[in-house]
Amino acid sequence: MAVTHDVPPQLDELVSTAHRIRQAIESVIEGKSDAVRLTLTVLLAEGHLLIEDVPGVGKTMLAKALARSIDCPVRRVQFTPDLLPSDITGVSAYNQQTREFEFKPGPVFANIVVGDEINRASPKTQSALLECMEEHQVTVDGHTYQLDAPFMVIATQNPIEMEGTYPLPEAQRDRFTARVAMGYPEPTAELEMLDVHGGTSPLDKLEPVATTAEVRALIEAVRGVYVSQAVKKYAIDLVVATRHSPDLRLGASPRSTLQLVRAARAHAALAGRDYVIPDDLQDLAIPVLAHRLLPSVEAQGQRRLPEQVVTDLVRRVPVPETRSS
Amino acid sequence: MRLTIAAGVASFTAAFLLSPLFQGGGWFWTSLGVVLAVVAAGLVSSRLSLPAWAAPLLGLAATWIFLTLSFASDKAWALVVPTKSSVVELGRLLAVGWADIQRFAAPVPETEGVTLLTAGGVALIAIAVDLLAARVRRAALSGLPLLALATVPATILSEPISWWAFIVAALGFISLLIADGRERVGHWGRAVLVRRTRQATSGTPSAARAAADTSGLRLSGKRIGFAAILLAVLLPAALPAMEPVSFFTFGVGGRGSGPGNSISIPNPIANLKGQLDLPERRVVLTYANNDNKPRYLRIYALDTFDGQQFGMTQPKGAPQNRTENGPLPEPPGLGPEPKINNVVTNIRISDEIARLRFLPLPYPPREIRVDGDWRADVDTLMVFSTREEAAGLEYEVATSEPQPTVDLLDSLDGIRPEVDPRFLALPEDLPQEVRDLAEEVTAGATTTYDAALKLQEFFTKPGNFQYDLRTQGHSSSALRDFLIRDRVGYCEQFAASMAVLARQVGIPSRVAIGYTGGVQVGERWEVGTNDSHSWPELYFEGVGWLPFEPTPSGAAGQGSARVPVYAQPRPVETTGTSSTPTPGASSSAADEPQSPTARRNIRELDREGTVATGTLPPDDSMPLIAKIGIGLAALLLLLLIPAAARLVTRSRRVRSLGWKVSEPSDELTARMVSGRGRLTVAAAWAELDDVLYDYGMARETSETPRALARRLTQQYELDAESAAALSAIASAVERVLFARDPGRIEPMSKDLRKVRQALAATVSRGRRMRAVLLPPSTLRRLRLLGERLLDGFDLLETIRLRRTAAQKGG
């Protein structure tokens, strides 16, 4: 049930733009509004998204749809075992005419970078993405090139049990703001997909509904969303709880606290609120935290997934509240 | 090893509970020594891995040696090795100790015998505890012998056990349990992780985890133990009691009762003479009873005759014969045949009576309602106290007077009296003339009763004896002089002589000292010093002790003396039986004696008598029903405290909710409004929280306002209006708590009421009643308080663990 209240004027535009983008994406991806919403949240939180699921459920489709619906440069990299770091960042090539080395920008020089099957590339190549994702810059031959804003990496990966995959190192997983699992569509949604998209690719019909400048403004608006001390404290409580849980070998990093709060800002803004409430954090705890955690041996023995552990923690950590006088 | 020591500690700490029973501290050291001996024996048998059955034997041996060393070392070989004479000595001391315990009331003086008995008892407990805890490995069961030890002071003393002694004893037992737990875990491996959630989410990770691994079990054990002790000490104080219980008195013995616990036997006869000699009459006591008849009030019963005068055997007041424990022991010898007249008498003792430690009572008392530690002697039914005095006392006594008919008494002839031989004992050197006189007087008596009558008649026959207070002394020939030569005396001589003669003819007898019925003043009977009296009581098997009256009455005798109906010279009309000493049979004919079969439950009869005759002053000690009623009412009031607290809290909150927030006009007002709004919302939120708790749909601590609203709306299918009200509250709370500027806050009392009504409609009527009468939310605060207390214990423990870890590390 939605709690009705007035949308603050500064968020009016944000809500309507975001709504347009969502509709655009959802015209391509049927019945995955949660995943779509999360994708938008990550975009507005200036983060990166990891989409993990079995092949053929629309990972790449989601990434592409988002890229298409925003009128901005989009590059797509298909990660393969023989992909080299320079294939991502770009190379300095010798220009015969000017007799100088010239930098040929790689695919990261775009606003949205879609990395397909990122865990098929070698760790060396994967780590080439690291600097770009965290620093929003690329350094080649001693030169540092700034990346355009917004910059978002949407990586898809197959579950690590699949053949021919290199599991992402913890450091790299930590750089993704959120991980989303697509999941199989509902039977009705799948039927509709067959009906509507049977003949043509829906992506072709997708027109951009927002400009880069608009998205940049949205991001700016999100930065202004208010986070009270109590909520910050709650975010810290949640993250600290993962570090102390006996079910986890590795808890969430301080970076994840930062990203959790940023994502919560975006989440609140998308809901038309100019302040973050604990619900935002609770909704985002699993996508933002779960992929960073390593279950302990005991938890693994009990087949407890990090998602379940996070659910338990959310259920246990008390929310901030007023102390009755 | 550890268990043996812990068992010793537990036994010794439990022995602390005995401290109020003794006057000094000598028993303490002996008990400590004997516990150490038992512990040493236990350690030896652990060391040698002796079988479980051998340990108690070794313990017993150690105890024996220790006791020999302490109490009979001069008779033992090389101070410790028991010899025959040392065993005899110990046995003698035990007997003496036993007798002392019977004789003295707590706190008892520390004679050797008492100390020996105590040490022996503590040793047996220690051996049993050691056997259960260290040998059989059932540490929890060892609480039973410890409990047995703890019940000793609880049953003997009327005061509550001192709380510090209880805490010490409980800590001892808990340390035993902890030692057992550690031993067990040590044997079987790692402790189970038992932690509280709050700990799991805060604190430094490594320290908390390490601590949890090693000490979780012990920690929670201690916590439960401390909580249990705390509850056990505090809870009884919070419960309503029927009588005011003096809580927190330090030590039972500490009430300053002073020495003098042995019963001091006054010289009743000297006392009696002194009172009768007083020039002016002073009021000793007044009484009223439900049939308004005068009765002899007995204070002492003298049972031994040494040839010169009657004396009293030391009365024994066993703890179970306290007056407050309900009915007194059965009157000796009273069978089912005689009709019983139940009387309730209210007696008020004058303030001026000094040093009276025996209660004047009509015989035979069945139940007494009196303040203080008064105890009845089983043989004589004298009621006395070692620490109280009767002066100024007001009390009530129910008596069951046997009303034997002459026929019945005649029919009892030939039944062997089953009494203590001391009631028949006469000195060897009783003058032969006296013996002959007894035979002479009773010659021709057909039955024992007839003989008794003839004896009484011998004294009362006009001209036979002369009543005179000026009679002198108790020389060895006093009895002979009175009976044979002078025949001049007062009640004491009459009573004693008749008792002696009765014994001579085989009737058990004793001399009672007390007061006659006195004179009627208004509704009460007044007894003065000149009513002091002495009379013989003769025993008939099946009827018990019956008073006789050999002393002349009226102007030429003891003024208010009266001859009992059954003892009046025959022939006499005995069909209409009456209460014992009455002015005449006719006046008591209307008295309805109760049937003997109804005599079983004397307590109940007592009540009936009270109710039927209605002579009890209403302001007097109230009946049990009223007490129960008052207790229940108090309990009810106490139970309603949470409800009242809830109402107060609610009204306070609602008042703050009704405050109207106007649109803020400038920054200052805005801040004020926000502050005030915060308060309002906090009140609404707290109230909603409590309402939910009361209805059993409590909010989880991790549930946000929004999630709560969602859950309630779905789970209880609230209608749109209530749902809107609920979400309005949730939204306001959210804004106040988390938004930069909460904006306009509407008064929420209406919303709150709507939500409460909607939620109330979803729960059962019982639940609603409970929410009003016994709101759990009020009790939750108490629980929170308790949790905080436990957290405090945790904190202390954590600090200690950290320090230990630091020491290990450094």
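## Chain A at a glance

Chain A of this predicted model has 14 helices and 13 strands. Out of its 325 residues, 44% count as buried. If you look at chain A contacts between residues at least 6 apart in sequence, 78% of them join residues at least 24 apart.

## The nonpolar cores

The largest nonpolar core holds 124 residues, and those with the most contacts inside it are I154(A), L260(A), A269(A) and I729(B). Its largest share, 11 residues, comes from helix α20 of chain B, which spans residues 720-738. Apart from this core lies another, of 84 residues, with M312(B), L328(B), I513(B) and F548(B) among them.

Setting aside neighbours within four places in sequence, I154(A) is in contact with L49(A), I51(A), A63(A), L66(A), I112(A) and V114(A).

## A four-stranded sheet in chain B

Now turn to chain B, where an open sheet of 4 strands runs in the order β2-β12-β15-β16 with antiparallel pairing. The edge strands, each pairing on one side only, are β2 (297-302) and β16 (544-547) of chain B. On average, neighbouring strands of this sheet are turned by 35° against each other, direction ignored.

Strand β2(B) pairs with β12(B) (residues 509-515) in the antiparallel sense over 5 bridges. To find this pairing on screen, look for L297(B), which stands opposite Y515(B) in β12(B). Helix α15 of chain B (residues 491-504) packs on the sheet, where it touches β12 and β15 (532-540) of chain B. The direction of this helix makes about 15° with that of β15(B).

Notes:
Residues are numbered from 1 along each chain as its sequence is written. Chains are lettered from A and ligands numbered from 1 in the order in which they are written. This is a predicted model: local features need pLDDT of at least 70, side-chain atom pairs count only at pLDDT 80 or more; totals for chains, interfaces and linings use all residues. A nonpolar core is a set of buried Ala, Val, Leu, Ile, Met, Phe, Trp, Tyr and Cys residues joined through C-beta atoms within 7 Å. A residue is buried if 20 or more other C-beta atoms lie within 10 Å of its own, exposed if 12 or fewer, and partly exposed in between; C-beta atoms are placed from the backbone. Helices (H or I, at least four residues) and strands (E, at least two) are DSSP runs, numbered from the N terminus. Two residues are in contact if their C-beta atoms, placed from the backbone, lie within 7 Å. Two strands pair if DSSP finds at least two bridges between them. Axes are lines fitted to C-alpha atoms, for helices over the stretch in contact, and angles run from 0 to 180 degrees between N-to-C directions.
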